[in-house]
Amino acid sequence: MRQHRRTLRLLGSLLLVAMAASVTGAAPAPAASPTPLDRVIPAPASVDPGGSPYRITRGTHIRVDGSRETRSVGEYLAKILRPSTGYRLPVTAQGAGGIRLRLAEGPFGAEGYRLDSGRGGVTITAAKPAGLFHGVQTLRQLLPAAVEKDSAQPGPWLVAGGTITDTPRYGWRGAMLDVSRHFFTVEQVKRYIDQLALYKINKLHLHLSDDQGWRIAIDSWPRLATYGGSTEVGGGPGGFYTKADYREIVRYASSRYLEVVPEIDMPGHTNAALASYADLNCDGVAPPLYTGTEVGFSSLCAGKDITYDFVDDVIRELAALTPGRYLHIGGDEAHSTSHEDYVKFMDRVQPIVAKYGKTVVGWHQLTGATPAKGALAQYWGLDGTSAEEKARVVKAAQNGTGLILSPADRVYLDMKYTKDTPLGLSWAGYVEVKRSYDWDPGAYLPGVPGGAVRGVEAPMWSETLENSEHIEFMAFPRLPGVAELGWSSAASHDWERYKGRLAAQAERWDALGIEWYRSPQVPWGSAAR
């Protein structure tokens, strides 16, 4: 009889639990399991899963060697993990176990790393600090998405057991931000830098001048910024970076292992400069400031000596501010410059870049002149670009010009996803997520030697973009795919597998407060929004 009563009480308790669950919608919490090692973006070169996971706890330390760079990466990691875990996570050179960051010789190159995880701890090993930093980005993605939040979360904080060995396919994995059509503040640029770093992007190309605005202070030509930077598309107030602002962007990017590549677009796309200084115009008459979105109507005067004094001053001052190796001179859509003047202009300007210790980068129209030795041409053509234009680019590559691939109908992040996308343009067509990802940079332009392709870059033009939310909506979810094209081997590219890994990123974007487009091509599942 007592057994019968105990059975009834047990059944009653179970019934109450079931009723509570039906009212609250709650379900028993599944046992926590770590993110598999092969679920990260970009896809790692080699994954060997196995063994027990590591659990970050209140007693975890971040252990670094004696170098300043390693400690800096350790502090960066701790700053990410502390708010969400609630743990102290001291960064120390003492002890063993925990999370260890170490520099050591190995087959890692400048940016590769190895991540070893097991019950006793996680160790990230690299030959250079950039590799440690990229390894930390992988570690972030192996932890639950809630690790990105800025308040304490319940955890647990598990890292799957096994080993990742990883090196990038290309050395140039870039993103361009147009701050000329619409101006973005230093803080907005920093926010984008942090988002780029998560996916191992290593170049930030800043489009600093165009018809609608000049965005960098030049002491020897002050009206470029104060007048030429005083507006933007639609007639807003515009803005410009002081030299201190620009140095801060460069410093912050460097702390995330991104190299800033500044661009002064010329001889076209120069109305802001022409409006600021009448002498730069062939007729000596300054045009009004421009706030529209047409292209191809402006040109520096290739026949005037003052033009090259101007270019020399601008490049000299910008080069002095820029520790990176490259300076982008634009060169696209110079429809108001004759071919003869274009060639003359590029023949005079490219040596100025070299004089100040930088390597020339230009849009692929540079191949219509004679690219300087070591120059890089950034290809932004379409699948349907003329065979003649493609052949010119291929020939330049065969003659030693390196290529950065940015096909507009694949990786221009300002292109609309579909006709209903509220932001962006569509002159290059609609670019959904699959189209952006599903191509091979190494085989894109037949006839280009394999070594000529230096990498990929995703431009973000800002005719219709006014704030960080706009940037993010157009970048996500396409940006991670471009990053994978630049980092991961061609053999790893598979849309069916990739879209599942991409879907798993949505919860992380939500935790980071990133706006994103819910593409119907991706099985987002229970992802928010």
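## Close-up views of a predicted model

**View 1. Ile218 sits in the loop between strand E13 (213-214) and helix H5 (223-226).** Helices (H or I, at least four residues) and strands (E, at least two) are DSSP runs, numbered from the N terminus. This is a predicted model, in which local features need pLDDT of at least 70, side-chain atom pairs count only at pLDDT 80 or more, and totals for chains, interfaces and linings use all residues. Residues are numbered from 1 along each chain as its sequence is written, and side-chain values use heavy atoms, with hydrogens and water left out.

Is Ile218 buried or exposed? Ile218 counts as buried because its relative accessibility is 2%; buried means under 20% relative accessible area, exposed over 50%, and partly exposed in between (1.4 Å probe, protein chains only). Not counting residues up to four places away in sequence, Ile218 touches Leu224, Val314 and Glu317, where contact means heavy atoms within 4.5 Å. Val47 is 171 residues from Ile218 along the chain, and their C-alpha atoms are separated by 49 Å.

**View 2. The largest nonpolar core has 139 residues.** Such a core is a set of buried Ala, Val, Leu, Ile, Met, Phe, Trp, Tyr and Cys residues joined through side-chain atoms within 4.5 Å. Trp214, Ile216, Tyr241 and Phe310 have the most contacts inside this core. Its largest share, eight residues, comes from helix H8 (residues 305-321).

Which residues does Phe310 contact, leaving aside its neighbours within four places in sequence? Look for Trp214, Trp221, Leu224, Ala273, Leu280 and Leu300.

**View 3. Another core, of nine residues, lies apart from the largest one.** Among its residues are Met176, Ala408, Met415 and Trp461.

**View 4. Helix H14 (residues 478-487) is largely enclosed by the rest of the structure, because ten of its ten residues are buried.** The buried residues of H14 include Arg478 and Glu484 as well as Leu479, Val482, Leu485 and Trp487.

**View 5. Stepping back, the protein chain has 16 helices and 19 strands.** Along its principal axes, the C-alpha trace spans about 110 × 50 × 45 Å. Buried residues make up 57% of the 529 residues in the protein chain. Of the contacts in the protein chain with a separation of 6 or more, 74% come from residues 24 or more positions apart.
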